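Have a look at the picture first, and then we'll go through it piece by piece.

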Amino acid sequence: MKQHTSEELITISDVSKRLRLSTRTVYRLIASGEFPPPVKIGSATRFYKNDLNTYLNRLRDERQV
(Lines give C-alpha, C1' and ligand atoms only; values in the text may rest on other atoms or scores of the structure.)
Protein backbone atom coordinates (compact mmCIF):
# COMPACT_ATOMS: atom_id res chain seq x y z
CA MET A 1 0.00 0.00 0.00
CA LYS A 2 1.27 3.46 -0.92
CA GLN A 3 2.12 5.73 1.95
CA HIS A 4 1.57 9.45 1.55
CA THR A 5 3.16 11.92 3.90
CA SER A 6 2.05 15.54 4.11
CA GLU A 7 0.33 15.18 0.73
CA GLU A 8 -2.32 17.67 -0.30
CA LEU A 9 -5.85 16.30 -0.60
CA ILE A 10 -8.27 17.67 -3.18
CA THR A 11 -11.98 17.24 -3.82
CA ILE A 12 -13.70 15.39 -6.65
CA SER A 13 -14.73 18.80 -7.94
CA ASP A 14 -11.07 19.85 -8.12
CA VAL A 15 -10.19 16.63 -9.96
CA SER A 16 -13.02 16.98 -12.46
CA LYS A 17 -12.15 20.63 -13.14
CA ARG A 18 -8.49 19.76 -13.71
CA LEU A 19 -9.39 16.92 -16.06
CA ARG A 20 -12.26 18.89 -17.61
CA LEU A 21 -14.54 15.90 -17.08
CA SER A 22 -17.76 15.46 -15.17
CA THR A 23 -17.54 14.05 -11.66
CA ARG A 24 -19.50 11.02 -12.92
CA THR A 25 -16.84 10.36 -15.56
CA VAL A 26 -14.12 10.58 -12.91
CA TYR A 27 -16.00 7.99 -10.83
CA ARG A 28 -16.24 5.77 -13.93
CA LEU A 29 -12.47 6.03 -14.40
CA ILE A 30 -12.03 4.99 -10.75
CA ALA A 31 -14.43 2.05 -11.16
CA SER A 32 -12.54 0.87 -14.24
CA GLY A 33 -9.24 1.01 -12.35
CA GLU A 34 -7.83 3.67 -14.67
CA PHE A 35 -7.77 6.42 -12.01
CA PRO A 36 -6.51 5.99 -8.42
CA PRO A 37 -9.19 5.44 -5.78
CA PRO A 38 -10.19 8.23 -3.40
CA VAL A 39 -9.50 8.50 0.30
CA LYS A 40 -12.52 8.60 2.61
CA ILE A 41 -12.28 10.94 5.58
CA GLY A 42 -15.50 10.53 7.50
CA SER A 43 -18.15 11.14 4.87
CA ALA A 44 -15.82 13.24 2.70
CA THR A 45 -14.17 11.89 -0.44
CA ARG A 46 -10.74 13.26 -1.24
CA PHE A 47 -7.93 12.50 -3.67
CA TYR A 48 -4.20 12.85 -3.31
CA LYS A 49 -3.06 15.65 -5.60
CA ASN A 50 0.05 13.61 -6.35
CA ASP A 51 -2.14 10.75 -7.67
CA LEU A 52 -3.79 13.19 -10.09
CA ASN A 53 -0.41 14.45 -11.27
CA THR A 54 0.86 10.88 -11.70
CA TYR A 55 -2.24 10.01 -13.73
CA LEU A 56 -1.74 13.02 -16.01
CA ASN A 57 1.96 12.21 -16.45
CA ARG A 58 1.08 8.63 -17.38
CA LEU A 59 -1.41 9.85 -20.00
CA ARG A 60 1.22 12.17 -21.43
CA ASP A 61 3.82 9.40 -21.52
CA GLU A 62 1.40 6.99 -23.25
CA ARG A 63 0.61 9.62 -25.86
CA GLN A 64 4.29 10.07 -26.70
CA VAL A 65 4.83 6.37 -27.44
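Is Asp-61 buried, exposed or partly exposed? Asp-61 counts as partly exposed, at 39% relative accessibility. Here, buried means under 20% relative accessible area, exposed means over 50%, and partly exposed lies in between (1.4 Å probe, protein chains only).

A quick word on ground rules. This is a predicted model, so local features need pLDDT of at least 70 and side-chain atom pairs count only at pLDDT 80 or more, while totals for chains, interfaces and linings use all residues. Residues are numbered from 1 along each chain as its sequence is written, and side-chain values use heavy atoms, with hydrogens and water left out.

**The overall layout**

The protein chain has 3 helices and 3 strands, in the order β-α-α-β-β-α along the sequence. Both kinds of element are DSSP runs numbered from the N terminus: helices are H or I with at least four residues, strands are E with at least two. Of the chain's 65 residues, 23% count as buried.

**One side of H1**

Helix H1 spans residues 12–19, and its residues Ile-12, Val-15, Ser-16 and Leu-19 are buried. They sit on the same side of H1, because they cover an arc of only 95° around the axis (the arc is that of the directions from the helix axis to the C-beta atoms). An α-helix has 3.6 residues a turn, so residues three or four places apart point the same way. The cover over these buried residues includes strands E1 (9–11) and E3 (44–48), plus helices H2 (23–32) and H3 (49–64). Just after H1, Arg-20 takes a positive phi of about 55°.

**The core**

The largest nonpolar core has 11 residues, among them Ile-12, Val-15, Leu-19, Phe-35 and Tyr-55. Such a core is a set of buried Ala, Val, Leu, Ile, Met, Phe, Trp, Tyr and Cys residues joined through side-chain atoms within 4.5 Å. H1, H2 and H3 each supply at least two residues of this core.

**Salt bridges**

The whole structure holds 2 salt bridges, each a side-chain nitrogen of Lys or Arg within 4 Å of a carboxyl oxygen of Asp or Glu.

| Salt bridge | N to O distance |
|---|---|
| Glu-8 and Lys-49 | 3.6 Å |
| Arg-60 and Asp-61 | 3.9 Å |

Glu-8 lies in the segment before E1 and Lys-49 in helix H3, 41 residues apart, so this pair links distant parts of the chain. Glu-8 is partly exposed at 45% relative accessible area, and Lys-49 is partly exposed at 31%.

Terms used
Contact = heavy atoms within 4.5 Å.
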